[in-house]
Amino acid sequence: RAYLVASKQFTPAYTGEWPWTDTEGTRIIGTAGLMYLRVDPDSGEGDSLMRPFLGIQIFGRRQLEFLAEYRLKDENLEDDSVFSVALRKPWGTSTRFELGLTNASPIGLGMGDQDLYLRMTYSWPTEGYQ
């Protein structure tokens, strides 16, 4: 899987700070890109897709984030276009909780049904990189 992505800050009063710092007010980031996915590289089959996608990330008060993405359907490999929405909340400096709905399969193909998911991520801080 590979992505080519461009992001744009749409908040008029953007201060130039990074998204993980504390800021006042709501910030909006839009994303457009291209996703390449080779479905089963070990089988030697040529099944792959290259599709455009759009996303939006809204950072609100109390560090609550709203995320949404849409990727166009590949007629040969997918049942439906991928559509996902989620709410994300940081807890401390390294942990995030996310609750969302998606119709993407674990490998990223668009399926017919929307499924609810809960995700917790943890990132390890590294020394010397800031």
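**Exercise 1. Decide whether Thr95 is buried or exposed, and list what Thr95 touches.**

Step 1: Start with the cut-offs, where buried means under 20% relative accessible area, exposed over 50%, and partly exposed in between (1.4 Å probe, protein chains only).
Step 2: Thr95 counts as buried because its relative accessibility is 12%.
Step 3: Thr95 is found in strand S6; strands (E, at least two residues) and helices (H or I, at least four) are DSSP runs, numbered from the N terminus.
Step 4: A contact means heavy atoms within 4.5 Å. Not counting residues up to four places away in sequence, Thr95 touches Lys89, Pro90, Met120, Thr121 and Tyr122.

A word on the ground rules: this is a predicted model, in which local features need pLDDT of at least 70 and side-chain atom pairs count only at pLDDT 80 or more, while totals for chains, interfaces and linings use all residues. Residues are numbered from 1 along each chain as its sequence is written, and side-chain values use heavy atoms, with hydrogens and water left out.

**Exercise 2. Work out the strand order and the pairings of the protein.**

Step 1: Count the elements, and you get zero helices and seven strands. From the N terminus on, they run β-β-β-β-β-β-β.
Step 2: Two strands pair if DSSP finds at least two bridges between them. S1 and S2 run antiparallel and are joined by eight bridges, with Gln9 standing opposite Ile29 in S2.
Step 3: S2 also pairs with S3 in the antiparallel sense, over 12 bridges; here Gly30 has Ile56 in S3 as its bridge partner.
Step 4: Now take S6 (residues 95–104) and S7 (residues 110–122), an antiparallel pair with nine bridges. Gly100 has Tyr117 in S7 as its bridge partner. The hairpin of S6 and S7 has five residues between the strands, and Gly108 takes a positive phi near 110 degrees there.

**Exercise 3. Find the largest nonpolar core, then follow Leu49 to Leu77.**

Step 1: A nonpolar core is a set of buried Ala, Val, Leu, Ile, Met, Phe, Trp, Tyr and Cys residues joined through side-chain atoms within 4.5 Å. The largest one has five residues: Met35, Leu37, Leu49, Phe53 and Leu109. S2 and S3 each supply at least two residues of this core.
Step 2: Beyond four places in sequence, the residues touched by Leu49 include Met35, Leu37, Leu77 and Leu109.
Step 3: Leu77 lies in the loop between S4 and S5. Its relative accessible area is 26%, so Leu77 is partly exposed.
Step 4: Leu77 and Leu109 are 32 residues apart along the chain, yet their C-alpha atoms are separated by 7.5 Å. Among the contacts of Leu77 are also Val39, Asp47 and Ser48.

**Exercise 4. Describe the largest pocket and its lining.**

Step 1: On a 1 Å grid over the protein atoms alone, a pocket is an open set of points where a 1.4 Å probe fits, with protein on both sides within 12 Å along at least five of seven lines; lining residues have an atom within 4 Å of a point.
Step 2: The lining holds 28 residues, and Tyr3, Glu69, Ser84, Arg88 and Arg119 lie nearest the pocket centre. Elements giving two or more residues to this lining include S1 (2–9), S4 (65–71) and S5 (82–91).
Step 3: The volume, the space filled by probe spheres set on grid points joined across faces, edges and corners, is about 750 Å³.
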